[in-house]
Amino acid sequence: MNRNESRVVIMTILYQIFMYQKNGIKYDTDEIIKENLEIDNEFVKEMSKGVLEKKEELFSIANDNLKDWKMDRLGLTDQAILSLGIYELLYTDTPDVVAINEAVELAKKYSDDKVKNMINGVLDKVYHEKIA
């Protein structure tokens, strides 16, 4: 599984967990990861768990950079993509341009144009704050 395919799996895992959290459903993170992986994948595990550990901070950063929106107004898929993008931008060795591009590509495939542009804008702002 390449990194692009891994990010789709991560997005799916995050979507599922965000849905469980929103609805107060008990879950086991490791079980959800295992259910979504055909073979063991450290990148998927590390990224999924990293986003979940820093979810509050990631949502706060997103909210600070969203214009006229808040994370809780976005669909769960969009929350997953944006959270993953911010996490990858701030907490991994992935080149910044790759982290942004990968999130935008997910948004192109799984969101509408308006949300894709919003995700791109938020990640661009986060990137500029990071390098400032």
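Asp 30 sits at 45% relative accessible area, so it is partly exposed; the scale here calls a residue buried under 20%, exposed over 50% and partly exposed in between, using a 1.4 Å probe and protein chains only. This is a predicted model, so local features need pLDDT of at least 70, side-chain atom pairs count only at pLDDT 80 or more, and totals for chains, interfaces and linings use all residues. Residues are numbered from 1 along each chain as its sequence is written, and side-chain values use heavy atoms, with hydrogens and water left out.

The side chain of Asp 30 pairs up with that of Lys 49 in a salt bridge, at 2.5 Å from N to O. The rule for a salt bridge is a side-chain nitrogen of Lys or Arg within 4 Å of a carboxyl oxygen of Asp or Glu. Lys 49 belongs to helix α3 and Asp 30 to helix α2, so this pair ties together parts 19 residues apart in sequence. Lys 49 is partly exposed too, at 30% relative accessibility.

## Other salt bridges

By that rule the count is eight salt bridges. One of them links the side chains of Asp 40 and Lys 45, again at 2.5 Å from N to O. Asp 40 is exposed, with 56% relative accessible area, while Lys 45 is partly exposed at 23%.

Then there's Lys 108 with Glu 105, whose side chains meet at 3.1 Å, N to O. They are three residues apart in helix α6, so about one helical turn separates them. Glu 105 comes out as partly exposed, at 34% relative accessibility.

Lys 116 is part of helix α7. Setting aside neighbours within four places in sequence, it is in contact (heavy atoms within 4.5 Å) with Val 104, Ala 107 and Lys 108.

## The nonpolar core

The largest nonpolar core has 42 residues, and Leu 14, Leu 82, Ile 86, Ile 119 and Leu 123 touch the most other members. A core of this kind is a set of buried Ala, Val, Leu, Ile, Met, Phe, Trp, Tyr and Cys residues joined through side-chain atoms within 4.5 Å. Each of α1 (3-22), α2 (29-36), α3 (42-53), α4 (55-65), α5 (76-91), α6 (96-110) and α7 (113-131) puts in at least two residues. The largest share, eight residues, comes from α5.

Take Leu 14: leaving out residues up to four places away in sequence, Leu 14 touches Ser 48, Val 51, Leu 52, Ala 80 and Leu 84.

## The chain as a whole

The chain has seven helices and zero strands; these are DSSP runs numbered from the N terminus, with helices being H or I of at least four residues and strands E of at least two. Its radius of gyration is 14 Å, close to the 14 Å the globule rule gives for 132 residues, so the chain is as compact as a globular protein of that length. That radius is taken over C-alpha atoms, and the rule is 2.2 Å times the number of residues to the power 0.38.

Along its principal axes, the C-alpha trace spans about 35 × 30 × 25 Å. Of the 132 residues, 45% count as buried. Among contacts between residues at least 6 apart in sequence, 69% join residues at least 24 apart.
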